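Open the model in your viewer and keep the selection tool ready. We will go from stop to stop, picking residues and looking at what surrounds them.

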Amino acid sequence: MTSNTDLISVRIVRLDPMRVASVHAFSASPEHEAWKKLNTWAQPRGLLNKPGEHRIFGFNNPSPSGGSPNYGYEFWIQVPPALKDEDGAAIKTFEGGLYAVAHFKGRVEDISERWKQLSIWCENSAYKFAAHQWLEEHLSTATAEMIELDLYLPITE
């Protein structure tokens with residue numbers, strides 16, 4: 001299902017439960033540090049060779065707060081059932097859920113504006129905000145100029 005408003009195109013998606021490997025960083029630029037950890041852990045296991053098979057999600061953990069330049073970012077990569085906890089990454093089970101999804105391709109500093117648009121869309125829709133995990137699905141490797149993501153806003157009917 002796709003909905004359009006003046007601001008944003010949104011599709012409704014139900015993410016199924018999945019097993020993920022998790023890495024985390026906390027600093028003034030945790031996305032880059034967490035990506036290095038994920039790359040170091042996942043590359044030797046061949047998990048970055050098939051992006052459609054091993055989807056990559058990320059989210060702030062904890063979110064930025066006033067008074068400190070530091071915050072956290074956690075990456076998840078979808079892993080096969082046989083993979084166990086190993087040094088460098090923790091294996092978790094994500095329960096899935098219903099999401100409003102908006103695509104973003106642009107400058108990293110503009111992501112927060114797309115999140116704001118998605119939140120406004122939800123406020124004006126028949127859906128309500130839900131409590132499961134907000135996610136950013138990483139569709140391309142970020143460069144200094146560009147990043148491509150799908151933003152997953154947790155919703156309920």
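**Stop 1: the cores.** Select Ile 12, Ala 100, Leu 118, Trp 121 and Ile 155. Of the 18 residues in the largest nonpolar core, these five touch the most other members. A nonpolar core is a set of buried Ala, Val, Leu, Ile, Met, Phe, Trp, Tyr and Cys residues joined through side-chain atoms within 4.5 Å. Buried means under 20% relative accessible area, exposed over 50%, and partly exposed in between, with a 1.4 Å probe and protein chains only.

Now colour the elements that give two or more residues to this core: strand 2 (9-15), strand 7 (97-106), helix 2 (111-123) and strand 10 (147-156). Helices (H or I, at least four residues) and strands (E, at least two) are DSSP runs, numbered from the N terminus. Apart from this core lies another, of 16 residues, including Ala 25, Ala 42, Leu 47 and Ile 56.

A word on the model: it is predicted, local features need pLDDT of at least 70, side-chain atom pairs count only at pLDDT 80 or more, and totals for chains, interfaces and linings use all residues. Residues are numbered from 1 along each chain as its sequence is written, and side-chain values use heavy atoms, with hydrogens and water left out.

Go back to Ile 155. What does Ile 155 touch, not counting residues up to four places away in sequence? Its contacts (heavy atoms within 4.5 Å) include Ile 12, Leu 98, Tyr 99, Ala 100 and Phe 129.

**Stop 2: aromatic pairs.** Show the rings of Phe, Tyr and Trp (its six-membered ring); they pair if their centres lie within 6.5 Å. Planes under 30 degrees apart count as stacked, over 60 as edge-to-face and the rest as tilted. The count comes to eight aromatic pairs. Select Tyr 73 and Phe 75. This pair is edge-to-face, 5.1 Å centre to centre, with 70° between the planes. Tyr 73 and Phe 75 are both buried.

Next, select Tyr 99 and Tyr 152. They also form an edge-to-face pair, at 5.5 Å centre to centre and 80° between the planes. The pair links distant parts of the chain: Tyr 99 is in strand 7 and Tyr 152 in strand 10, 53 residues apart. Why does Tyr 99 count as buried? Because its relative accessible area is 0%. Tyr 152 counts as buried because its value is 2%.

**Stop 3: the loop.** Select Pro 62, in the loop between strand 4 and strand 5. A cis peptide bond joins Asn 61 and Pro 62, with omega about -5°. Pro 64 sits in the loop between strand 4 (56-60) and strand 5 (71-78). Pro 64 is partly exposed, at 49% relative accessible area. Draw a C-alpha to C-alpha distance from Pro 64 to Trp 35: they are 18 Å apart in space and 29 residues apart in sequence.

**Stop 4: helix 1.** Select Glu 33, found in helix 1. Is Glu 33 buried or partly exposed? Glu 33 is partly exposed, because its relative accessible area is 35%. Leaving aside neighbours within four places in sequence, Glu 33 is in contact with Ala 25, Phe 26 and Ser 27. The C-alpha atoms of Glu 33 and Val 23 are separated by 9.7 Å, and the two residues are ten apart along the chain.
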